[in-house]
Amino acid sequence: MDILSTEHLKIGYEEKIIVHDLNIQIQSGKITTIIGPNGCGKSTLLKTLARIHKAKEGFVYLEGEQIHKIPTKKIAQRMAVLPQSPEAPSGLTIFDLASYGRSPHQKGFARLTEKDKEVINWALDVTGLTELKNQEVDTLSGGQRQRAWIAMAIAQETNLLLLDEPTTYLDMAHQLEVLQLLKKLNEEEGRTIVMVIHDLNHAARFSDHMIAMKSGKLIKEGTAEEVMTEEVLKEVFQIDAVVVKDPRTNKPACLSYELLKNQEKKELILAK
Amino acid sequence: MKINTKQRKLVKILSIMVLLVILLLLISLNLGVVKISPMNVFQTLIGNGTPKDQFVLLELRLPRMVLAILIGAGLAVSGSILQAISKNDLAEPGIIGINAGAGFAVVLFIFTFQGTMTGLSALGIWLLPIFAFLGALTAAALIYILAWKKGINPIRLVLVGIGVNSGFGAAITIMQIKMNPQDFMKAAVWLSGDIWGTNWNFVIAILPWFILLIPYAIWKSHTLNILSLGDQLAIGLGTSVERERLKVLLVAVAIAGFCVAAGGGISFLGLVAPHIARKIMGPKHQLILPVAAIIGSFILLLSDAIGQNLLSPTQISVGIVVAIISAPYFIYLLMKTN
Amino acid sequence: MREGNAILVSRHLDTKNENNKGRKLVRNSSLLVISIILLILFIGMSISVGAANIKLSTVWKAVFQFNPNIQAHQIIQEIRLPRTLGAALVGAALAVSGAILQGITRNPLASPSILGVSDGAAFALVICLVYIPTATMAEQSVASFIGAGIATAIIFGISALAKGGVSPAKLALAGVAISSLFRSITTAIALHYQVAENMSFWYAGGLSKVNWQGVSILSIVCVVGIVIATMLAKGITILSLGEEVSKGLGQNTFFVKTMAFIIVLLLTGAAVSVAGPIGFIGLVIPHITRFIVGSDYRWIIPASALLGAILLVLSDSVARLVNAPFETPVGAITAIIGVPFFLYLARGEGSRR
């Protein structure tokens, strides 16, 4: 079943429309990535899927129900969201941050129950942060910090996890660290992951399903082999790319690229 | 586990602060025009004191001190809440104009109904805090409405607050000009922060509000924690952000309003106390609020003691002392935070 | 074919730029000329209205064919002329101070009153008046300069030393703290020496006690200040683009900032010593000016001076008339204009993040 889907989704800010008439389906149990150039609407789309941003027209369905009809706390028990560049108040420990993930299951003064503590410790274990749990989040490295936020999202105990550019400000090693953690969560626990990501090669390597957007429209969706092609990249990113097969992962990878010459750009526009 | 360590630290800090407060009370009772030594304080409390000591302690000093403790705690809690919801460490009811709104309402009340500020009628004592609350509420509503642009942005909130502060300040000045000189002086003193209602009736009029609101604020600690993460994360965690923010904002505003009713315009306390509390206890509000409250009480008692005794027989308004102590610290904080 | 197009396009842009520059020059110069004319007109009008209305022709004669025996001439020369000239000069001084502060701190909310400079000046002045009651106007002005200087130093210090730079919001908050601090101490002293009532009125800003002495000091300071500011204007324009950009362009930022600092303290100090701390002129006028003449400070400074003068002359007239024969503090009038304006700016500021 599609865990998330949209129908004629139109999203914008004030007067500006960013996404026009989008229909996509996110399959349960898979990793889906959304790629596209700056300003194509991918972050806005993710926020709308997460009900953080309200659509102008159209619907978002969470497990078949219209998302705006579900109480927000119930949504949070089924879907976790990690926005771009999250900030934790200084002095917060990893344990405390992860504990905030229990919020959708808590009431009132929100004392931690035994079950809560169990889930938190388990989330810290899965993200490999158990030893650091009393350390403050702002003293961590980029990769560790991102894992701490993922621990918080996991502690929500949801099947669905949405992440907006989880690797963007991290160095190469930490990027891989985070992506491999997400892959583990998907493979070992069957969680559905939806993420917006900039690095095409990472997207191709880790996705089951890719969605390529440009100017608020869906250009191509499918497997990495279907989306990571020279034609699609030309259309979406206006680049002349060389796509090869990564010998280690057997997934498509963009080896190098050039900017399209003006002539080719014009042809592209005319062809549309 | 870390949690218990934090709880133990909380108890430790609270105990130290309570002791300091008691110490300060005893010291300041021993200063001033009528000195009551600690021994006599004890005697008086158990009913064995001289009639003079009894009168001064029980009828004059004690209500004043109780008020100082309440106001200090209240402003600290109000400031903590405002800082959490505006995601801005530099917000507090004085700076963003809530105190000014309450102040304007009080001056208006006195000018229209009471005629003079020399004494409050029995009805006045009950009505004044309500007026102050309404004034604070008006200011908060103005700030909220004016800062609203498809949601509340923390920076905008504070800046609009500064504007509203100026606005009410100007309005108060105009009202002041229209008063007769005596009232004007009294108003000026009160506006700069003055614990004026020093009798038990006043305390009784104010106390229930504080007993209600401050524990409720502490009850809402978890909500404050989540709101501090920012709107997007808070929504993702299932919080009805607008509704919860409004709730705690109302609490902060109400507390601030009653503080102004009891003590005039005291600025910066609601900023400095939460800061110190946060430094000691970390960012969780379950720990910040109680500690900030007692630090606030301590600072206010201290400022009052200084204000009453430093340039005796002139009294320096408590608000002025607080400002003089806190403003440099505030500037230092500004330079250090990001 | 493409190259030909490119050349045509670039030539077209060049001529467009030239046209724009020419248009700008014409527009800005005419603004200045119109402002000067308006200013003189408003000064004349302001002098002629009041508790006793005086005809404009009489005003003219009073200035140029002064006859000490005619009472109207006396009123004009002794009371109204200094007052209105004072208003014009104070308005100019505050507006230029505000423009400089906004440029140097890159903060659209900066102004002498918001950043506490006016309160610093007031603080020093009150101390001077209380402890040296016989101080001459010149000495009072010096005290005012010192006070303004301390506050300005704190502001510049914070801008320079704060970790991660200073956002407009942070600087505004710093200003609130500084003005609050100075105001509290000033109030404490005033209450102690029982001059609070007089002081409160003065604190709200008023031109009712302006005399020729004040005006002369003020005019010297204003002329010097505004002239130097205009000479400094290019540096300020570049500095308003950013510290690093400015250094990259080879600016001696330290020199520019120090000179700006001195000018602000002189202008604000003089203004406050004559008329008390009047708020919002330094905030509102630079914005209006920038809206009309653009972001080149060589235009902004003189235009602000003129517009500031006009605004305060008008506000002072309103202040005198609205509750005649009682004086309303002009600060209340400027607040009526300034607070909504500030709120409008504040709304915009938050969303620019």
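The buried residues of helix 6 of chain A are covered by elements that include strand 4 (31-35), helix 5 (142-155), strand 9 (192-196) and helix 7 (200-206) of chain A, where helices (H or I, at least four residues) and strands (E, at least two) are DSSP runs numbered from the N terminus. Those buried residues are Q175(A), E177(A), V178(A), L179(A), L181(A), L182(A) and L185(A), a residue being buried if 20 or more other C-beta atoms, placed from the backbone, lie within 10 Å of its own. The model is a predicted one, in which local features need pLDDT of at least 70 and side-chain atom pairs count only at pLDDT 80 or more, while totals for chains, interfaces and linings use all residues. Residues are numbered from 1 along each chain as its sequence is written, and chains are lettered from A and ligands numbered from 1 in the order in which they are written.

Helix 6 of chain A runs over residues 172-189, and its 18 residues reach 25 Å from the first C-alpha to the last, close to the 26 Å expected at 1.5 Å a residue, the expected span being 1.5 Å times one less than the number of residues. Just after this helix, G190(A) takes a positive phi of about 70°.

In chain C, helix 8 (residues 212-239) and helix 12 (residues 297-321) pack at an angle of about 145°, with their axes 7 Å apart; axes are lines fitted to C-alpha atoms, for helices over the stretch in contact, and angles run from 0 to 180 degrees between N-to-C directions. From helix 8 of chain C, residues including I226(C), A229(C) and A233(C) take part in a contact to which helix 12 of chain C brings Y297(C), R298(C), I301(C), P302(C) and A305(C), contact meaning C-beta atoms, placed from the backbone, within 7 Å. The residues of this contact divide into eight nonpolar, two polar and two charged, with Ala, Val, Leu, Ile, Met, Phe, Trp, Tyr, Cys and Pro counted as nonpolar, Asp, Glu, Lys and Arg as charged, and the others, Gly among them, as polar.

Between chains, 39 residues from chain C meet 39 residues from chain B. The largest share of the chain C side, 15 residues, comes from helix 6 of chain C, and by class that side has 24 nonpolar, nine polar and six charged residues.

Chain B also touches chain A, with 19 residues of chain B in contact with 27 residues of chain A. Helix 10 (231-236) of chain B is one of the elements that supply at least two residues of the chain B side, and its four residues are the largest share.

Terms used. Buried ≥ 20, exposed ≤ 12 C-beta atoms within 10 Å, placed from the backbone. Contact = placed C-beta atoms within 7 Å.
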